[in-house]
Amino acid sequence: MKFLDEAKVYVRSGDGGAGCVSFRREKFIEFGGPDGGDGGRGGDVWIECVEGLNTLIDYRYQQHFKARKGEHGSGRNRAGGKGEDVILKVPAGTEILSEDRETLIADMTTVGQRFRLAKGGNGGFGNAYFTTSTNRAPKHANPGLEGQEHWLWLRLKLIADAGLVGLPNAGKSTFLATVTAAKPKIADYPFTTLHPGLGVVRVDTREFVLADIPGLIEGAHEGVGLGDKFLAHVERCRVLLHLVEGTSEDAGAAYRLVRTELEAYGHGLEDKPEVVALSKADTLDPETLELQVARIEEETGQKPLILSSATRQGVTEALRTLMARMDAAAAETSVERPAWQP
């Protein structure tokens, strides 16, 4: 299990400790009175976004997380200690969903972000708390409150600036290996990529994160092939780089097939800015190249980029185009804040 992007966990916070019923019994002190302490608060269950993680594989082997109970109060007005908290550590981009897998509880997108999943139960009051002018010797105390428990789903959506989409063997992994230090598996058979990969691209004086996902085939939204659930990892991308294999029978049909799957998946992917590139251009003769470019242009209404990762033809141009599209997308989504006035 190299990559796990979804896990179901059970969390339970600690119960509060019970209050104590106690009376002073010191020599030569008459009517010492109650001195029972309060119970301690139960531990909380937290989730925290940390660096150094890019998968939920830790939750493949442990699914139950329970915080410690609060300690009971004791005599001499001694309160019980608080139960120890439990912290679940997840990578940036993890969503916390309720058991129905639809209700979003929290979205962990920033390193250092914390969210309390279950609050520990309050400790019970000891009998000293109930002392009044008319009840000088109460003989009862409160039990601690029970903690909270939930079944939750953790779903990871990788955080990347740009994402690669296309059919299997369209050259996505080769492109990722060419422009980043990532070393994805590359072979001449379909579905070489079985799990998403990330790499940092450096172009001119800037950097951005590029995500590669397994290829899509016809009927992926119905579960054909590896399905389309991996598209969740490009939902957060600002722009998509759609690679169309130049050696395919009809580049236009290949482009249309992937677009159909993106539209069937939904979640806004069909509306994201897209850069279309014809890959493996070094293997095409001039006539075939011109024909494939014309087919894509007929489908998209714009001329695609000509790309070859093997010879680095058009690679820099493609990266600069992605950067420009990302800047444009960021400018469109930014909201101007009104000037502050006293």
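**Cavity and nonpolar cores**

The largest cavity in this structure has a volume of about 30 Å³. The structure is a predicted model, and a search of the whole of it finds 1 cavity of 30 Å³ or more. The points below take up the residues that line this space, and then the nonpolar cores.

**Lining of the cavity**

- The largest cavity is lined by Gly166, Leu167, Ala170, His242, Leu243, Val244, Glu245, Ala254 and Val258, and these lining residues divide into 6 nonpolar, 2 polar and 1 charged.
- Two elements, the strand β12 (239-245) and the helix α2 (251-265), each supply at least two residues of the lining, and β12 provides the largest share of it, with 4 residues.

**The largest nonpolar core**

- The largest nonpolar core has 24 residues, and those with the most contacts inside it are Phe175, Phe208, Leu210, Leu241, Leu243 and Leu319.
- At least two residues of this core come from each of β9 (162-165), α1 (172-179), β10 (197-203), β11 (206-212), β12, β13 (274-279) and α4 (315-333), while α4 gives the most, with 6 residues.
- Leu243 is named both in the lining of the largest cavity and among the residues with the most contacts inside the largest core.
- When its neighbours within four places in sequence are left aside, Phe208 is in contact with Asp161, Ala162, Gly199, Val200, Val201, Val203, Leu319, Leu322, Met323 and Met326.

Definitions and conventions
Residues are numbered from 1 along each chain as its sequence is written. This is a predicted model: local features need pLDDT of at least 70, side-chain atom pairs count only at pLDDT 80 or more; totals for chains, interfaces and linings use all residues. Side-chain values use heavy atoms; hydrogens and water are left out. On a 1 Å grid over the protein atoms alone, a cavity is a set of points where a 1.4 Å probe fits but cannot get out, and a pocket is an open set with protein on both sides within 12 Å along at least five of seven lines; lining residues have an atom within 4 Å of a point. Grid points are joined across faces, edges and corners, and a volume is the space filled by probe spheres set on the points. Ala, Val, Leu, Ile, Met, Phe, Trp, Tyr, Cys and Pro count as nonpolar, Asp, Glu, Lys and Arg as charged, and the others, Gly among them, as polar. A nonpolar core is a set of buried Ala, Val, Leu, Ile, Met, Phe, Trp, Tyr and Cys residues joined through side-chain atoms within 4.5 Å. Buried means under 20% relative accessible area, exposed over 50%, partly exposed in between (1.4 Å probe, protein chains only). Contact means heavy atoms within 4.5 Å.
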